[in-house]
Amino acid sequence: MVAFYSSALDGVAANPALPTPLLLRLIAFDGGGNGPPFQALHRPELPEPAVVAVLTHPVLDARVQFATSGQADAEQRARLADDPSPKVRAAVANGPEWTHDPRTKVRPLPDAVCGRLLEDPEPSVRSALLHSPHLAPSFLASLVRHPDPAARRAALRVWDELSADGRATLLDDPDREVRRSAALCACPHDARLTAALLRDPAALPEALRCGLLDRADAERFLAGGVHLVELAGNPSLPADLVDRLAADPDDGVRLAVSLRPELTEARRAAIDFTVAPHARGDVDWVAAGIADQDVLHRAATSAHPLLRRAAARSRHLPPDLLRLLAEDPDVVVRTHLAVYHPNTPEEVLMSVYARLGGTFSAWMATGHPRFPREGLAARYADHPDGIYRQLTVRDPAAGPDLIERLSHDPDVWTRQAATRDPRLPLPRLLEALTLPELASSAGANPALPPGEMAVVMHEAGVPA
């Protein structure tokens, strides 16, 4: 894997020790029309003077970057909701596309701000808002009677939280697409709605998957041999029809049957199904009960790997199930624990890192609060694999001499990790600023003197 290189200025822009006066200089930089480095605009807890400078920045993309920052408070981003550029307003409406830790939840914009954005004269802004994954349930629920059908469709995202009157309103909506989507939300408990949806080609697959089926309809689709995967997962499918589909020639159909919640473990094991090595474990009934202890117990103790993978994605696993899944032979189960659970054991985190070093899941493992630190230098400083030598820098007991040695390591990722460490002796840190593959890491080192940060900015053309 090729290491990512960027400039010393990018590193300084991300440096947590960057003094506020230098930060303000950097944010004011027009970057030749591109604005300041994005790292400066995605910093956590920007001071108020810096926020004010961003809000009035002459470079449009600088304001866009801040509007999409996962590090900015919702109230800070909301201050761009009246920006003169529709591109900026759309970025505010959509919200952050990534954060430094995907385990964190982005706080939604205030409902009043969302209301203003929904009335924006630019269609792109309104569309960005309605497609945002960060809207508060209270705001979505308020859209039931909005004049825009796209807004009323968005209200369906919180169907279970709507009042009975709100649901009835959407089921009787004047817009056909809204009515269809509302009926699909309601059909798991309504055989009449399900029967009507089965006559609608656009709704048919989803209605077969989750609707309350009449036996005659179920037999008709089974005999026709179409959409059998959806039919096989339908919760209301009669038991004898489930048995017939469990022996279907199609492996996808048999797999869908094997995931049904009512099956005993013996019945599940009797089905001939195949699980893809890296399938995530998207199982509706487990996802719906992701905090339900009975659901988690059934899934985590199952012999079915997809059920265990689904359970491992829950933050609500109790200690006994966490211990059980931590010893699971399935690598995807352990990877999910490393990504999702706050109390994943250290050995699981290390095993995921060792197996997937350099990938997103490995990065998530090292960012986990329980990822080990003590003792790593003694174990890995001389390891033949650079993936392990990188970990040495995490050890608080690693001394300056070892950090400097690692800054010369054959593995570029290890050199970069050592160069970012404040224990690196100053002469080597200043030398690293001149090396293309280490310049960004050196710029981000909190031990870099402010005077040297100012030099980097001057040499990059940032005005004083």
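There are 31 salt bridges in this structure, counting any side-chain nitrogen of Lys or Arg within 4 Å of a carboxyl oxygen of Asp or Glu. The model is predicted, with local features needing pLDDT of at least 70 and side-chain atom pairs counting only at pLDDT 80 or more, while totals for chains, interfaces and linings use all residues. Residues are numbered from 1 along each chain as its sequence is written, and side-chain values use heavy atoms, leaving out hydrogens and water.

Let's walk through a few of those pairs. Asp382 and Arg405 join their side chains in a salt bridge at 2.8 Å, N to O. Asp382 sits in the loop between α28 (376-380) and α29 (386-389) and Arg405 in helix α30 (residues 400-406), so this pair ties together parts that are 23 residues apart in sequence. Helices here are DSSP runs of H or I with at least four residues, numbered from the N terminus. Asp382 is exposed at 64% relative accessibility, and Arg405 is partly exposed at 42%; the scale runs from buried (under 20% relative accessible area) through partly exposed to exposed (over 50%), using a 1.4 Å probe and protein chains only.

What about Arg428 and Glu431? Their side chains meet in a salt bridge at 3.1 Å, N to O. Both belong to helix α32 (residues 426-432), and because they are three residues apart, about one helical turn separates them. Arg428 is buried, at 5% relative accessibility, whereas Glu431 is partly exposed at 40%. Then there's Asp282 with Arg280, a salt bridge at 3.9 Å, N to O: Asp282 is exposed at 57% and Arg280 partly exposed at 39%. Elsewhere, Glu177, Arg180 and Asp200 are linked in a salt-bridge network.

Now for the nonpolar side of things. A nonpolar core is a set of buried Ala, Val, Leu, Ile, Met, Phe, Trp, Tyr and Cys residues joined through side-chain atoms within 4.5 Å. The largest one has 105 residues, and those with the most contacts inside it are Leu26, Leu117, Leu129, Leu143, Leu170, Leu231 and Leu245. Take Leu129: leaving aside residues up to four places away in sequence, Leu129 touches Ala93, Cys114, Leu117, Leu118, Leu135 and Phe139, a contact being heavy atoms within 4.5 Å. A second, separate core has 36 residues, including Leu255 and Val352.

On to the empty space. Rolling a probe the size of a water molecule over the atoms shows where such space is left. On a 1 Å grid over the protein atoms alone, a cavity is a set of points where a 1.4 Å probe fits but cannot get out; a pocket is an open set with protein on both sides within 12 Å along at least five of seven lines, and lining residues have an atom within 4 Å of a point. Helix α7 (residues 86-94) supplies the largest share of the lining, three residues.

The second largest pocket has a volume of about 750 Å³. Its lining counts 20 residues, with Arg209, Gly233, Pro235, Asp284 and Trp285 nearest the centre. At least two lining residues come from each of α15 (204-210), α17 (228-232) and α21 (284-288).

Conventions:
Points joined across faces, edges and corners; volume = space filled by probe spheres on them.
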